[in-house]
Amino acid sequence: MAGILYIVATPIGNLDDMPPRVAATFGAADFVAAEDTRVTMRLLNYLGLKKPMVSYYEHALQKGEGILRRIEAGENCALCSDAGMPCVSDPGEVIVRDALARGIKVVPVPAASACVTALAVSGQDTSRWVFEGFLPVNRKQKKERLAELLGEKRTVIFYEAPHKLRTTLDDLMNAFGPERSITLCRELTKLHEEIWKTTLGEAQAHYAANEPRGEYVLVMAGAPASTEPEAEMTLEQAAQRALELTGQGFGPTAAAKAAAQGTPYSKSEVYKALLTIQQRDPE
């Protein structure tokens with residue numbers, strides 16, 4: 001009989017938050033698939049366990065086939081990330097996808113999740129929210145992703161590393177304005193935990209003068225509801241907006257997608273109208 005793939009959440013910082021079921025699952029597993037075996041080794045040492053380990057990190061995902069074959073041969077695998085729920089903004093999602101496709105039983109062993117923990121203490125609207133994880137590293141792709149979020153009314157959650165925080169705050173402020181509310185949560189559940197609700201402008205100024213430290217979860221308020229009804233944008237106006245975005249370095253498809261946000265028109269309708277304008281008014 002095939003074994004089981006357990007998706008095991010680990011504490012996001014404080015090892016005292018270790019649920020008994022998580023510890024028991026590690027103890028019963030035949031081997032552990034870890035994002036970083038060095039980090040997981042410290043966790044297993046804390047639990048007094050010794051287990052065979054293999055890394056499934058992005059650059060080692062070719063090992064995913066070996067992991068699945070071991071499970072199919074009857075071994076039980078505990079898959080974990082460095083902290084929190086694995087397979088969310090994490091390359092382990094590929095292994096889960098392939099395991100399900102091959103009929104392998106996948107069992108979640110939940111615990112803390114950094115994004116939900118931050119949302120709960122953010123002071124932002126928690127009724128509707130969207131998780132964006134890490135923004136693209138590529139500048140063009142990052143600009144396009146933020147343009148897609150301009151009309152997003154739900155609370156938006158990002159992850160960010162300390163060495164990239166200043167650049168990301170610059171980009172967020174340029175996209176959404178200095179008055180947009182944001183809560184910066186760092187080192188959650190750890191000794192130097194900090195939860196700071198402020199504005200993008202204040203956050204940018206603070207970290208321009210102070211070194212970012214620790215891993216961050218950014219919980220940003222969604223676009224404010226308009227106090228006055230807006231006149232419905234025409235397709236021509238949406239296409240003109242897309243044309244302006246192409247002048248800022250967006251590709252035609254990305255520009256049409258961003259310009260269609262908050263309008264009654266589809267991306268394809270705006271794209272066709274954009275092509276019409278470009279053919280009609282060539283530079």
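Let me start with helix α1, residues 20-28, which lies across β1, β2, β4 and β5 and runs at about 140 degrees to β5; axes here are lines fitted to C-alpha atoms, for helices over the stretch in contact, with angles from 0 to 180 degrees between N-to-C directions, and contact means heavy atoms within 4.5 Å. Helices (H or I, at least four residues) and strands (E, at least two) are DSSP runs, numbered from the N terminus. Please keep in mind that this is a predicted model, in which local features need pLDDT of at least 70 and side-chain atom pairs count only at pLDDT 80 or more, while totals for chains, interfaces and linings use all residues. Residues are numbered from 1 along each chain as its sequence is written, and side-chain values use heavy atoms, without hydrogens and water.

Helix α2, residues 37-47, lies across β2, β3 and β4, at about 150 degrees to β3.

Now the sheet: it is open, with five strands in the order β3-β2-β4-β1-β5 and parallel pairing, where two strands pair if DSSP finds at least two bridges between them. Because β3 (53-55) and β5 stand at the edges with a single partner strand each, one side of each has no neighbour in the sheet. Four bridges join β2 (residues 31-34) to β4, and A33 stands opposite L79 in β4.

Finally, in helix α4 (residues 92-101), G92, I95, V96 and A99 are buried, meaning under 20% relative accessible area, with exposed over 50% and partly exposed in between (1.4 Å probe, protein chains only). On the other side of α4, R97 and A101 are exposed.
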